[in-house]
Amino acid sequence: MPLPLLLGISATAVLANTYYRKELAEQDALRRQNLNTRNPIGRYPCDDYPSDFHVTAEIGNVVCCGVYNGFIHTGIVIDHNAILELHGSGLARAVSYKRFLANRSGANIFVASDALGHPLNTKLEVNRVSSELFAYHKYHISKLNCYSHTWYCITGKWLPFASFEIFNQALSKKFGQSIYWDRMK
């Protein structure tokens, strides 16, 4: 009985991975042809199949990394080697690039970019961002999470984001274009 179940789960995982690889290849092909996508996410972040672009992170860039091969964690660059993130404990903290990836499954930091591989920059309100350092928030996985915190740092407004996709819809609307997640140099 367990063997058929394991085989079914394995087959489902292979099909999902094949579909995901195909979607990433289609996103890359559209990008190479300079064709605009109608999707908020022009290119998903992916450690296994990253885009060809390498981006230098700048202060004000939105960044992300993979967590446990199932979630995506976000933050915002606040210094040349520091990212402001909301930890799962509710603590907003500045961490180094290396620490941003530590104890997470992601091997790369990805930067929100345009179709040409230029990082999308936000003008950070210094007082708002500095007041967030070591602030504590009542973390909630789908209401007040790293996406909500990153959005607050950018806009000064708290919004609940239940998923990375919904967060990207808001980013896409703010920047007026699709979001491409490219590897940081």
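Is the crossing of α4 and α5 left-handed or right-handed? In this predicted model, the crossing of these two helices is left-handed. Helix α4 spans residues 146–155 and helix α5 spans residues 164–175, and their axes, which come within 10 Å, cross at roughly 15 degrees. Because angles under 35 degrees count as roughly parallel, α4 is described as roughly parallel to α5.

On the side of α4, the contact is made by Y147, T150, W151, I154 and T155, while α5 contributes F164, F167, A170, L171 and K174. When these residues are sorted by class, the contact of α4 with α5 is found to have 7 nonpolar, 2 polar and 1 charged residues.

The two helices also take part in the lining of the largest pocket, to which α4, α5, α1 (2–32), β3 (62–67) and β4 (71–79) each supply at least two residues. The volume of the largest pocket is about 1000 Å³, and its lining is formed by 39 residues, of which G66, V67, G70, F71 and I72 lie nearest the centre of the pocket. Strand β3 gives the most to this lining, with 4 residues. By class, the residues that line the largest pocket divide into 20 nonpolar, 12 polar and 7 charged.

Key: Residues numbered from 1 in each chain as written. Predicted model: local features only at pLDDT ≥ 70, side-chain atom pairs only at ≥ 80, totals over all residues. Heavy atoms only, no water. Axes fitted to C-alpha atoms, helices over the stretch in contact; angles between N-to-C directions. Parallel < 35°, antiparallel > 145°, perpendicular 65-115°, else oblique. Left-handed = near helix turned anticlockwise from the far one by under 90°. Contact = heavy atoms within 4.5 Å. Nonpolar A, V, L, I, M, F, W, Y, C, P; charged D, E, K, R; others polar. 1 Å grid on protein atoms, 1.4 Å probe; cavity = no way out; pocket = protein on both sides within 12 Å on 5 of 7 lines; lining within 4 Å. Points joined across faces, edges and corners; volume = space filled by probe spheres on them.
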